[in-house]
Amino acid sequence: MIVFSHGSWNRNPPSGYAVARVKFDISTGMPTGDDYELIHDFLETRSVRPVDGIFLKDGTLLYTSDSSNELIAIRHSPTDGDQPPAPVPQEICFPGSSTVELEDGSFKSMDLLDIGDRVRSSETEFSTVFLFTRRMQKDSSLYMIVGFESGESLSVASSHYLLDHSDKLILAEEVAVGDVLYTEKVITSIRRERRMGVYHPHTLNDVLYVDGIRVSCFTSTVPLGLARILLWPLKVAFRLGYTFKGLEGGPPLWATRLLKMVKW
């Protein structure tokens, strides 16, 4: 995780202007307690006050300074045994190894799933995949690995909505060992693991079975009411023969920040 410290406004001498990387243990999802500051001493002049930043695909970190009206780039120069700082991981969607059941009874991994495929969405129904809002084969994410009494195991982002025993939406991050999901699936274990691939398919009826477990297509990233409104015209367009692949890398940064401001 990258932390942007805006610094003091009335301290003499000024202090706290920094950009730091906080390391996390990928097996537990918790901070290791070993902080590594990328920038520190020269910010004591208060010439730069970090606000926010993003990573580019080449690993360059861009961040803004509101005191100097600058956009600053940090490029990593690796040395022997050194590794460049990784982009901030996002817990979203499903890994490429997750599987879905097709209408012909066969199974397909998430990294091979395509728009137009019909996947199981209930015990008796199948629904068509009409959109991906994440489809990134080379990226990785930290996933919850949820084990069940039946022997099944679901890999899912903590921000994804599952379906409880009464078929109501529940966030993955809110479930616990002993909880019962749809069709009497009893949770017996929960752990976190980093896996390759970031995939977020959407079906026309907003649900699908992943790894044998019925889940929603919605996440907490977008408020539920707004998500339904935004997806409705795309569903209509798909039924008219149009497909949309421009969102497969995720929404642009400005849209992500706008969504954070929405109270739905």
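In what order do the four strands of the open sheet come, and is the pairing parallel or antiparallel? I read the order as 13-12-17-16, with antiparallel pairing. Strands here are DSSP E runs of at least two residues, helices are H or I runs of at least four, and both are numbered from the N terminus. Two strands pair if DSSP finds at least two bridges between them.

Before going on, a note on provenance: this is a predicted model, where local features need pLDDT of at least 70, side-chain atom pairs count only at pLDDT 80 or more, and totals for chains, interfaces and linings use all residues. Residues are numbered from 1 along each chain as its sequence is written, and side-chain values use heavy atoms, with hydrogens and water left out.

**Entry: whole chain.** I count two helices and 17 strands in the protein chain. Of its 264 residues, 42% are buried (under 20% relative accessible area; exposed is over 50%, partly exposed in between, 1.4 Å probe, protein chains only). Contacts mean heavy atoms within 4.5 Å. Among contacts with a separation of 6 or more, 55% are between residues 24 or more positions apart.

Entry: I looked up the edges: strand 13 (169-171) and strand 16 (207-210) each pair on one side only. The twist averages 45 degrees from one strand to the next. Angles run from 0 to 180 degrees between N-to-C directions, with axes as lines fitted to C-alpha atoms, for helices over the stretch in contact. Strand 16 and strand 17 (residues 213-219) run antiparallel and are joined by four bridges. I picked out one partner: Y209 bridges to R214 in strand 17. Helix 1 (residues 224-239) lies across strand 12 (160-163), strand 13 and strand 17, at about 85 degrees to strand 17.

Entry: Most residues other than glycine have a negative phi, so I checked for exceptions. D211, in the loop between strand 16 and strand 17, has a positive phi near 55 degrees. D211 counts as buried because its relative accessibility is 15%. T183 is another non-glycine with positive phi, about 60 degrees; T183 sits in the loop between strand 14 (180-181) and strand 15 (185-203). At 34% relative accessibility, T183 is partly exposed.

**Entry: salt bridges.** I get nine in the structure, counting a side-chain nitrogen of Lys or Arg within 4 Å of a carboxyl oxygen of Asp or Glu.

- R135 and D114 meet at 3.1 Å, N to O. R135 is in strand 10 (residues 126-148) and D114 in the loop between strand 8 (107-109) and strand 9 (118-120), so the pair ties together parts 21 residues apart in sequence. R135 is partly exposed at 23%, and D114 is partly exposed at 33%.
- E152 and K185 meet at 2.6 Å, N to O. This pair links distant parts of the chain, 33 residues apart: E152 in the loop between strand 10 and strand 11 (153-156), K185 in strand 15. E152 is partly exposed at 24%, whereas K185 is buried at 16%.
- K235 and D206 have their closest N and O atoms 2.9 Å apart. K235 lies in helix 1 and D206 in the loop between strand 15 and strand 16, so parts 29 residues apart are tied together. K235 is buried at 12%, and D206 is buried at 14%.
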